[in-house]
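I would ask you to keep the sequence and the structure in view while I speak.

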Amino acid sequence: MTHTYGRRAQKGDVVAAGAVQVLLAAIGSLTFAPTVNGILTAAKVGKGISLDVGALVQTVALRQLVPFVIGLLLRRYAALTAQAWHPTAAAVSNVTFLIVLAGMLVGNWRDVVALLGSLTLLAGFVLAAAAFAVGTLLSTGPPVRRTAMGGVTAVRNAGPALAAIGIAFADQPAILGALAAALLSGLAAALPIATLLSSRRSGPGKPVGHADQDTRGS
């Protein structure tokens, strides 16, 4: 479950950012399970807590890779149809992300409130801000593309995490609340940065569409 608020808010290179986001999500779908299993084992969070790697990979692949492949095939062999469906699909994606996030917050609000004053929210905020900076610095190309890559690096893909919570932790409210709080704190860091970048590009003497023209010309 990825979203496009960051790269849209900054009016960045949406095409390049979207392609990289899909690629990273596809790779993460296959590497998430063994990585998290290793972290849980190393952290010694409790006896018997581990992920069924096979079940998680299968679940995430079914929910993410299959839709990605369908989308790529549709764009390859029915480009006009894909372009016509894109605005609606993007709107549905953003709305469903907000619905899921709101549901997690409302359904587990006590656990979210309990995190206030802890380092969990600060960790999510710092991680998102640092990821934005690293993604921007390590990318190549014009500034509009580099900052778009920073926005992609900063956003979190909640799909694998939700699947892991369901498989290993039986959707425990405390863990769902912590995930919702981490997602919200990450957005709180990424969105202001993206909005600031957008306002700088749209400043006096520079039209809003200038960034897109620079990208197409590069």
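Predicted model: local features only at pLDDT ≥ 70, side-chain atom pairs only at ≥ 80, totals over all residues.

Helix H3 and helix H4, which covers residues 79–107, pack at an angle of about 120°, and their axes are 5 Å apart. The axes here are lines fitted to C-alpha atoms, for helices over the stretch in contact, and angles run from 0 to 180 degrees between N-to-C directions. H3 and H4 are therefore oblique to each other; by the convention used, angles under 35 degrees are roughly parallel, over 145 roughly antiparallel, 65 to 115 roughly perpendicular, and the rest oblique. From H3, the residues Leu74, Arg75 and Tyr77 meet Ala79, Thr81, Ala82 and Trp85 of H4, where contact means heavy atoms within 4.5 Å. Sorted by class, this contact of H3 with H4 has five nonpolar residues, one polar and one charged. Ala, Val, Leu, Ile, Met, Phe, Trp, Tyr, Cys and Pro count as nonpolar, Asp, Glu, Lys and Arg as charged, and the others, Gly among them, as polar.

Residues are numbered from 1 along each chain as its sequence is written, and side-chain values use heavy atoms, with hydrogens and water left out.

As to the overall fold, the chain has ten helices and zero strands; helices (H or I, at least four residues) and strands (E, at least two) are DSSP runs, numbered from the N terminus. Of the 218 residues in the chain, 34% are buried, with buried meaning under 20% relative accessible area, exposed over 50% and partly exposed in between, for a 1.4 Å probe and protein chains only. Among contacts in the chain with a separation of 6 or more, 74% join residues 24 or more positions apart.

Let me return to H3, residues 53–77, and its packing with helix H8, residues 158–168: the angle is about 140° and the axes are 10 Å apart. That makes H3 oblique to H8. Which residues of H3 and H8 meet? Ala55, Leu56, Thr59, Val60, Arg63 and Gln64 in H3 meet Gly159, Pro160, Ala163, Ala164 and Ile167 in H8. Seven of the residues in this contact of H3 with H8 are nonpolar, three are polar and one is charged.

Also in H8 is Ile165, which counts as buried because its relative accessibility is 6%. Beyond its neighbours within four places in sequence, Ile165 is in contact with Ala170, Asp171, Gln172, Ile175, Leu176 and Leu179.

Next, helix H7, residues 143–154. H7 has twelve residues and reaches 16 Å from its first C-alpha to its last, close to the 16 Å expected at 1.5 Å a residue; that expected span is 1.5 Å times one less than the number of residues. The buried residues of H7 are Val144, Thr147, Ala148, Met149, Gly150, Gly151, Val152 and Ala154.

Helix H6, residues 119–138, packs with H7 at an angle of about 145°, their axes being 7 Å apart. On the H6 side the contact is made by Ala128, Ala131, Phe132, Gly135, Thr136 and Leu137, and on the H7 side by Arg146, Thr147, Met149, Gly150, Gly151, Thr153 and Ala154. The contact of H6 with H7 has six nonpolar, six polar and one charged residues.

Finally, Leu197 is found in helix H9, residues 173–201, and counts as buried because its relative accessibility is 16%. Leu197 and Thr147 are 50 residues apart in sequence and 8.1 Å apart in space, C-alpha to C-alpha.
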